[in-house]
Amino acid sequence: MRRILVIGPLVTTAIAIVLPLSVAVPAEAARGWTAHFQCTKKRISDDTAHGFVQGHGTGKTASEAKKAAKKNANDQMPRGYRAKHCTQKSVKRL
């Protein structure tokens, strides 16, 4: 004998909404983004430029990758310096 489970309309609707959300996300969306910036190395004490530093970053979105690349450039600065006037060299989907 086959038994049928009767579920209320609200639960059935909730299941109908959740099931499509569990479908796999396209591969390109899951891979993320990468960014490359070149920033001027500025001395804070006298605001003079002393070469360049390269910053690289990745993120789930292009915006997150850019932010990570700029942070990477600043993280490389020695004490008394900071990255300034960053130029975007590339932003690519992984």
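The legends below describe views of a predicted model of one protein chain.

**View 1. Secondary structure of the protein chain.** The chain contains three helices and three strands. Followed along the sequence, these elements are arranged in the order α-α-β-β-α-β.

**View 2. Surface and contacts of the protein chain.** The protein chain has 94 residues, of which 17% count as buried. Its accessible surface amounts to about 7300 Å². Carbon and sulfur atoms contribute 58% of that surface.

View 3. Residue D47 belongs to the loop between strand 1 (33-43) and strand 2 (48-59). Most residues other than glycine have a negative phi. D47 is not a glycine, yet its phi is positive, at about 55°. Is D47 buried or partly exposed? The relative accessibility of D47 is 43%, and D47 therefore counts as partly exposed, since this class lies between the limits of 20% and 50%.

**View 4. Residue H85 within strand 3.** H85 is located in strand 3, which covers residues 81-93. Although H85 is not a glycine, it has a positive phi of about 55°. Is H85 buried or exposed? H85 is exposed, because its relative accessible area is 53% and the exposed class begins over 50%.

Methods. Residues numbered from 1 in each chain as written. Predicted model: local features only at pLDDT ≥ 70, side-chain atom pairs only at ≥ 80, totals over all residues. Heavy atoms only, no water. Helix = DSSP H or I, 4+ residues; strand = E, 2+ residues; numbered from the N terminus. Buried < 20%, exposed > 50% of the residue type's maximum accessible area, 1.4 Å probe, protein only. Areas by Shrake-Rupley, 256 points an atom, 1.4 Å probe, with all protein chains shown as cover.
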